[in-house]
Amino acid sequence: MLPSRRPLLVAAAVLCFCLAVTNAKVHHYDWDISYQHKSPDCFEKLAVTVNGEAHGPTIRATQGDTIVVTVNNKLETENTAIHWHGIRQIDTPWADGVAGVTQCPILPGETFTYKFVVDRAGTYLYHAHYGMQRVAGLNGMIVVTVPDGVREPFAYDEEQTVLLQDWWHESVYDQATGLSAKPFVFVGEPQSLLINGRGMFNCSNLATPTGSCNNSGPGCTLPALFSVVPGKTYLLRLGSLTSLSSLSFEIEGHSMTVVEADGHYVRSFVVRNLFIYSGETYSVLFKADQDPRRNYWATSHIVGRNATMTPSGKAVVSYAGNDPRKTPPTVPTTGPAWDNTAIRVEQSKSIVAHPGYVVPVPVRADRTLLLLNTQNNIDGHIKWTINGVSLHFPATPYLVSMKHGLTDAYDQRPPLDTYDHRGHDISAPAPTNGTIGSPVYRLAFDSVVDVVLQNSNMLNNKSETHPWHLHGHDFWVLGHGDGKFDPTADAWRLLNVKDPIMKNTVPLHPDGWTAIRFHANNPGVWLFHCHVEAHVFMGMGVVFEEGVERVARLPSSIMGCGHSKGLH
């Protein structure tokens with residue numbers, strides 16, 4: 001009999017952690033957050049910038065290092081907060097960066113310092129988490145490498161980061177006002193898709209010519225993604241911080257091998273098009289093995305929504321020796337059919353843990369939550385609800401109010417663990433209006449929790465993709481299915497408890513369900529929400545509390561709003 005691999009994996013993990021702690025460094029960043037006029041797609045508008053740039057700089061560190069970011073809010077008339085997406089914030093829940101959940105917002109003219117440890121190697125993100133500010137451009141990537149002496153289960157010569165975004169010409173204020181208005185005004189489809197902060201909008205498409213759009217301006221050129229050397233293998237660290245769009249990404253003529261997702265190694269698989277949802281990160285390998293005498297397109301395409309409304313994102317992959325600004329001789333790739341849900345579900349189901357890095361799944365859950373998303377008309381406002389409640393962030397951050405026993409700062413009535421899964425018709429709009437509130441799921445510390453996300457039709461009788469992100473944790477992705485999840489039937493037999501991938505963001509596909517499992521062992525208060533910016537703004541999220549009594553003394557810097565005024 002062959003020896004079990006699990007002790008070897010545990011030993012490798014311990015070795016990796018010890019190496020990380022031994023050689024840990026502290027990285028300091030000083031960021032001015034301000035509005036600046038930017039033209040990422042040839043159309044000039046105000047963008048939220050980091051030290052004058054949008055998107056922000058890539059944070060690079062090694063597993064076990066400490067990151068210290070001093071944020072100076074120079075937005076003049078606007079609050080801010082920054083979330084470190086995918087960083088679990090072990091022992092530092094107050095640094096998660098969610099206004100209303102883990103901290104008071106950073107007021108104009110104020111300075112706030114985030115300090116946290118990057119405890120696991122991988123590709124992560126950061127972005128604004130105040131109102132709909134992420135739409136305005138405050139975002140970037142975090143790259144955490146393994147310690148020296150630790151080998152990853154794949155090899156490459158060089159690496160590159162690729163950040164994918166969607167972009168609107170309308171201001172974030174206009175969007176937020178429309179979403180809150182009577183009658184409701186949706187944000188609409190984006191005008192552009194950006195690759196590493198650059199896109200190309202055709203100014204002739206404007207109904208009224210304006211000096212704000214200039215296709216002949218010095219900054220309006222086809223972006224060069226990166227140059228490659230023939231024969232070399234590259235690791236692309238891909239991250240999506242779209243505010244609405246699900247995407248496919250491809251490099252013309254080249255296949256990509258997926259090797260990592262949200263900081264966890266996967267059983268590698270080869271794709272031509274990688275589907276990526278807002279809040280997800282992937283690492284892929286690709287080899288520069290095509291004709292080196294020409295350049296190639298890298299493109300992003302909208303999927304799951306009508307892609308004819310937004311042109312594809314385009315950039316150039318240039319082989320060494322070629323002019324990186326030279327347009328490839330071919331027509332840009334068009335990507336897969338935007339309305340083909342089946343191939344997207346198939347990719348989601350194909351993502352499982354690398355055989356050498358399977359994190360054992362708890363045998364059973366202590367608690368199961370069946371969460372139904374519905375779109376509702378509440379007092380004339382269009383809202384998203386989960387089990388009938390549309391989440392509204394209270395004036396006092398949950399972490400502060402729950403740690404200090406401020407029970408009048410949030411709703412005390414517990415939210416529902418389930419919904420009428422027998423009687424509810426997911427193929428029809430919600431029959432009830434729902435309520436707006438700020439309840440909390442209080443989870444037993446160290447318990448195992450199953451969550452089944454159930455999609456249903458909106459008020460327009462259509463079903464959409466919702467990428468769900470859990471703060472403070474990684475979770476096992478147990479499965480995806482079509483139609484309604486029935487906990488009393490054999491749906492549990494469809495779940496993967498052998499080698500599920502761990503992630504922090506997962507898509508809930510149209511007309512279907514997604515099941516996850518997580519260990520509630522990180523003391524704090526954590527948001528779990530749809531990563532479509534308009535949807536969470538409209539209430540599509542829930543809040544989990546676990547072991548808040550174990551959280552250390554809260555820093556006074558996160559207080560000062562709501563009932564936390566005067567607390568220390």
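The points that follow take up strands and sheets, and then salt bridges.

1. The model is a predicted one, and every value in this note should be read with that in mind.

2. An open sheet is built from four strands in the order S3-S8-S7-S5, and the pairing within this sheet is mixed. Strand S3 (59-62) and strand S5 (82-85) each have a single partner strand, so they stand at the edges and one side of each is left without a neighbour in the sheet. With direction ignored, neighbouring strands of this sheet are turned by 20° against each other on average.

3. Within this sheet, S3 pairs with strand S8 (residues 139-145) in the parallel sense, over four bridges. Arg60 stands opposite Val143 in S8. Arg60 also belongs to a network of salt bridges that links it with Glu159 and Arg237.

4. Strand S1 (residues 26-38) and S2 run antiparallel and are joined by six bridges.

5. Is strand S2 (residues 45-50) largely enclosed by the rest of the structure or largely open? Five of its six residues are buried, so S2 is largely enclosed. A residue counts as buried when its relative accessible area is under 20%.

6. How many salt bridges does the structure hold? The number is 18. As a general point, side chains of opposite charge can pair when their charged atoms come close.

7. One of these salt bridges joins the side chains of Glu464 and Arg305, at 2.6 Å from N to O. This pair links distant parts of the chain, 159 residues apart: Glu464 is in the loop between strand S25 (447-454) and strand S26 (466-470), and Arg305 is in the loop between strand S18 (296-303) and strand S19 (313-319). Both Glu464 and Arg305 are buried.

8. Arg293 forms a salt bridge with Asp291, in which the closest N and O atoms are 3.0 Å apart. Arg293 has 72% relative accessibility and therefore counts as exposed, whereas Asp291, at 29%, counts as partly exposed.

9. Asp323 and Arg325 likewise meet through their side chains in a salt bridge, at 3.3 Å from N to O. Asp323 counts as partly exposed because its relative accessibility is 35%. Arg325 is exposed, with a relative accessible area of 67%.

Notes:
Residues are numbered from 1 along each chain as its sequence is written. This is a predicted model: local features need pLDDT of at least 70, side-chain atom pairs count only at pLDDT 80 or more; totals for chains, interfaces and linings use all residues. Side-chain values use heavy atoms; hydrogens and water are left out. Two strands pair if DSSP finds at least two bridges between them. Helices (H or I, at least four residues) and strands (E, at least two) are DSSP runs, numbered from the N terminus. Axes are lines fitted to C-alpha atoms, for helices over the stretch in contact, and angles run from 0 to 180 degrees between N-to-C directions. Buried means under 20% relative accessible area, exposed over 50%, partly exposed in between (1.4 Å probe, protein chains only). A salt bridge is a side-chain nitrogen of Lys or Arg within 4 Å of a carboxyl oxygen of Asp or Glu.
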